[in-house]
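Visitor: I would like to learn how to read a structure like this one. Can you take me through its features step by step?

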Amino acid sequence: MASTRAADLGHLTTATSRAILLRAASRARDGALALREGTAVRLFGHGKTLATVTVNDPRSYRALLTSGSVGLGRSYVEGWWDADDLTGVVQALYRWSTPMREVLDRLGRAPLPWIGPRPRRPDLSPRADRRNIAAHYDLSNEFFEMMLDPTMSYSCAIFAGTTATGTRSTLEAAQVAKLDRICEKLELNEHDHLVEVGTGWGGLAVHAAAKYGCRVTTTTISQAQREYATKRVADAGLSHLVSVLGEDWRDLQGKYNKLVSVEMIEAVDWRLYSKLMRRFSDLLHDDGVALVQAIVIDDASYNRAKRHKDFIRDMVFPGSCIPSVQALVSAMASGSDLRLVGLEDIGAHYAPTLAAWASNLRDKRPSVDDLGIPEHVQRMWALYLAYCEASFLEGHISDVQILLAKPGLMRRRGGQHELAGHIDGQ
């Protein structure tokens, strides 16, 4: 349907596109944007002004009208517009488009016949996954070192709030708190063998082995991440406890009593969720426990979003898909014998995590330039981080830690699960 919409609007001129969008903006109510064209500045919307947008090229209007968030992203990367607060821009556009999005969400949930050509079935092979992962994660280890904290955690942190001095905990402290939260929910100790699906740069594997004494087998299909994590494990003197593999999740073998996967599932196509849950279950002993941390979208928006190509899928993370809690639970029930025993929503911590990453990149801009990262790639990442931050601030997406147990553990404990992950709220 997206391609049909683009074709229908393809004949519009830049002037017509501008007229349509400005007319729509004049009716906006929730949130305001200031629009600068040349020396003229106009205010659209009501309430707090969230950002000032400077139009450098009027083709921006047609890109946004005909291609939505994809057009928004491509036009920004090309330098056709700028803003003093990218997060505010996305927040305003999200609020302004809410009525239309709600209609599309309802249509996405309705059992309507498909109109138009069937979309081409995506490549769900391990080779395609490796290609997609490399496109995002193999940009440059040095780039991610500049963006992330010393733990190299590329996932939601957990901030402790304000201290006695009135300052928030640092990003590093917040990431360590997240790592400890995971390890404590899994009740890790020196007798455990933990399998981690999605190594990242090795932060969780090193933390779990060094602090809790467990063995860790971790895997990533990013070659750059594997090399980085292997060296990190060796430098920490933990090679006797931690093994870093380069296996796809479908190819993992062995039996473990604990499993963890932190924000890896977003790289898995929704058609494979049941298969992934079955693999998680097969990797665990009958009394095993798994913790899955995942970015999740509103259940109401999931059916539409899983087939929709947005800015992130188009430019930043090809092949990505954000699940909903309901989709994960359904996949668990249909594909495995795992039981849901705990769920904690930590989404409130993601906006400050993303803001900290964006701030790091701004502060280290000269060093990023020295890496040879092109201007258009830096603009893409700036909008990507702001796009995600706005989505969390607006409550469109969140982040959850889901604790799962095998039937043997439930039987052994008389049906009462006593791990540290009871049904929690944030």
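Visitor: Is Arg-250 buried or exposed?

Guide: Start with the cut-off: a residue is buried when its relative accessible area is under 20%. Arg-250 has 15% relative accessibility, so Arg-250 counts as buried. Keep in mind that this is a predicted model.

Visitor: Which side chain meets Arg-250 in a salt bridge?

Guide: For a salt bridge, look for a side-chain nitrogen of Lys or Arg within 4 Å of a carboxyl oxygen of Asp or Glu. Here the partner of Arg-250 is Asp-248, at 2.8 Å from N to O. Asp-248 is buried too, because its relative accessible area is 1%.

Visitor: How many salt bridges does a search of the whole structure find?

Guide: The search gives 18. One of them pairs Asp-57 with Arg-59, with the closest N and O atoms 2.8 Å apart. Check each end separately. Asp-57 counts as buried, at 16% relative accessibility. Arg-59 is partly exposed, with a relative accessible area of 43%.

Visitor: Where does a salt bridge tie together parts that are 163 residues apart in sequence?

Guide: Take Arg-181 and Glu-344. Their closest N and O atoms are 2.4 Å apart, and they form a salt bridge. Arg-181 lies in helix H8 and Glu-344 in strand S10, so this pair links parts 163 residues apart in sequence. Helix H8 covers residues 171-185. Strand S10 covers residues 339-345.

Visitor: How is each end of that pair placed: buried, partly exposed or exposed?

Guide: Glu-344 counts as buried, at 5% relative accessibility. Arg-181 is partly exposed, with a relative accessible area of 26%.

Visitor: Which side chains does Glu-344 contact through polar atoms?

Guide: Read the pairs one by one. The side chain of Glu-344 makes a polar contact of 2.4 Å with the side chain of Arg-181. A polar contact of 2.5 Å joins Glu-344 to the side chain of Lys-185.

Visitor: What share of the contacts with a separation of 6 or more comes from residues 24 or more positions apart?

Guide: That share is 74%. The protein has 18 helices and 11 strands. Buried residues make up 53% of its 426 residues.

Visitor: How do I read one face of a helix?

Guide: An α-helix has 3.6 residues a turn, so residues three or four places apart point the same way. Now apply that to helix H14 (residues 325-335). Its buried residues are Ala-327, Leu-328, Ala-331, Met-332 and Gly-335. Down the axis of H14, they fall within an arc of 135°, so they line one face of the helix. On the other side of H14, Gln-326, Ala-333 and Ser-334 are exposed.

Visitor: What covers the buried residues of H14?

Guide: The cover includes helix H11 (273-283), strand S9 (284-297), helix H12 (299-305), S10 and strand S11 (397-405).

Visitor: How many residues does the largest nonpolar core have?

Guide: It has 100 residues. To find its centre of contacts, list the residues with the most contacts inside the core: Phe-144, Met-147, Tyr-154, Tyr-273, Trp-357, Trp-381 and Tyr-384. Helix H17 (residues 375-393) gives the largest share of this core, 11 residues. Another core, of 29 residues, lies apart from it and includes Leu-194, Leu-204, Val-216 and Val-289.

Visitor: Which residues does Met-147 touch, not counting residues up to four places away in sequence?

Guide: Met-147 touches Tyr-154, Trp-357, Asn-360, Leu-361, Trp-381 and Leu-385.

Note on methods
Residues are numbered from 1 along each chain as its sequence is written. This is a predicted model: local features need pLDDT of at least 70, side-chain atom pairs count only at pLDDT 80 or more; totals for chains, interfaces and linings use all residues. Side-chain values use heavy atoms; hydrogens and water are left out. Helices (H or I, at least four residues) and strands (E, at least two) are DSSP runs, numbered from the N terminus. A polar contact is a pair of N or O atoms within 3.5 Å; within protein, one must be able to donate a hydrogen and the other to accept it, and residues adjacent in sequence count only if both atoms are side-chain atoms. A nonpolar core is a set of buried Ala, Val, Leu, Ile, Met, Phe, Trp, Tyr and Cys residues joined through side-chain atoms within 4.5 Å. Buried means under 20% relative accessible area, exposed over 50%, partly exposed in between (1.4 Å probe, protein chains only). Contact means heavy atoms within 4.5 Å. The arc is that of the directions from the helix axis to the C-beta atoms.
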